[in-house]
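This report describes how the parts of one protein model are arranged. Please keep the sequence and the structure in view while reading.

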Amino acid sequence: MNTPVSFPLAKLLKEKGFDERCISFYDSVSNQQINNAPLANYNLTKQSVSIPTISDVVMWLYKNHKIWISVDPEIDTNTWFHTITHGKSMTAFGSYSGPIEAYEKGFEHILNEMI
């Protein structure tokens, strides 16, 4: 998904070592989110936070921590769940109102409990 993650999640990613190039960032000097910026790693400075897309985070988690997360709809409901796979361990969580919420809650769980 090309949807940017929330700012609180972007800050948590920075704390956990996210260091990929992004086209969005939060500038604490101007207190603004800057979109469609030149592709760069904005986590290298103290006054900015890179805001990656959901797909950026999925790939970073896999590349750096061998953790895969996927999101699927519940059958016959309007809710979504995420599945986290790490090694031979797989865990599923739900019920979320949409895929973006399911991904973000999954990322928070991984960053707070697994990394």
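This is a predicted model: local features need pLDDT of at least 70, side-chain atom pairs count only at pLDDT 80 or more; totals for chains, interfaces and linings use all residues.

Ile67 belongs to strand β4.

Which residues does Ile67 touch, leaving aside those up to four places away in sequence? The contacts are Val58, Leu61, Tyr62, Ile84, Thr85, His86, Ile110, Met114 and Ile115. A further residue, Lys16, is 51 residues away from Ile67 along the chain, and the C-alpha atoms of the two are separated by 14 Å.

## The three-stranded sheet

Strand β4 is part of an open sheet of three strands, arranged in the order β4-β5-β6 with antiparallel pairing. Because β4 (67-73) and β6 (89-96) each have a single partner strand, they stand at the edges, and one side of each is left without a neighbour in the sheet. On average, neighbouring strands of this sheet are turned by 20° against each other, with direction ignored.

The pairing can be followed strand by strand. Seven bridges join β4 and β5 in the antiparallel sense, and Ile69 has Ile84 in β5 as its bridge partner. Strand β5, which covers residues 80-86, also pairs with β6 in the antiparallel sense, over seven bridges. Here Phe81 has Gly94 of β6 as its bridge partner.

## Helices against the sheet

Two helices can be described in relation to these strands. Helix α2, made of residues 54-65, lies across β4 and β5 and runs at about 145° to β4. Helix α3, made of residues 99-114, packs on the sheet and touches β4, β5 and β6. The direction of α3 makes about 35° with that of β5.

Which residues make the nonpolar surface patch of about 310 Å²? The patch is made by Met59, Tyr62 and Trp68. Of these residues, Tyr62 is also among the contacts of Ile67.

Trp68 is located in strand β4. Its relative accessibility is 36%, so Trp68 counts as partly exposed; this class lies between the limits of 20% and 50%.

## Backbone angles that stand out

Most residues other than glycine have a negative phi, and most peptide bonds are trans. The following places in the model depart from that pattern.

Lys66 has a phi near 55°, a positive value in a residue other than glycine. This residue lies in the loop between α2 and β4. Asp76 likewise is not a glycine, yet has a positive phi of about 65°. Asp76 lies in the loop between β4 and β5, two strands that form a hairpin with six residues between them. Is Asp76 buried or exposed? With a relative accessible area of 79%, Asp76 is exposed, because exposed means over 50% relative accessible area.

The peptide bond from Gly94 to Ser95 is cis, and its omega is near 5°.

Note on methods:
Residues are numbered from 1 along each chain as its sequence is written. Side-chain values use heavy atoms; hydrogens and water are left out. Two strands pair if DSSP finds at least two bridges between them. Helices (H or I, at least four residues) and strands (E, at least two) are DSSP runs, numbered from the N terminus. Axes are lines fitted to C-alpha atoms, for helices over the stretch in contact, and angles run from 0 to 180 degrees between N-to-C directions. Contact means heavy atoms within 4.5 Å. Patches are made of residues with over 30% relative accessible area and no salt bridge: like charges are joined within 9 Å, nonpolar side chains (Val, Leu, Ile, Met, Phe, Trp, Tyr) within 5 Å. Accessible areas come from the Shrake-Rupley method with a 1.4 Å probe; for residues, only the protein chains shown count as cover. A salt bridge is a side-chain nitrogen of Lys or Arg within 4 Å of a carboxyl oxygen of Asp or Glu. Buried means under 20% relative accessible area, exposed over 50%, partly exposed in between (1.4 Å probe, protein chains only).
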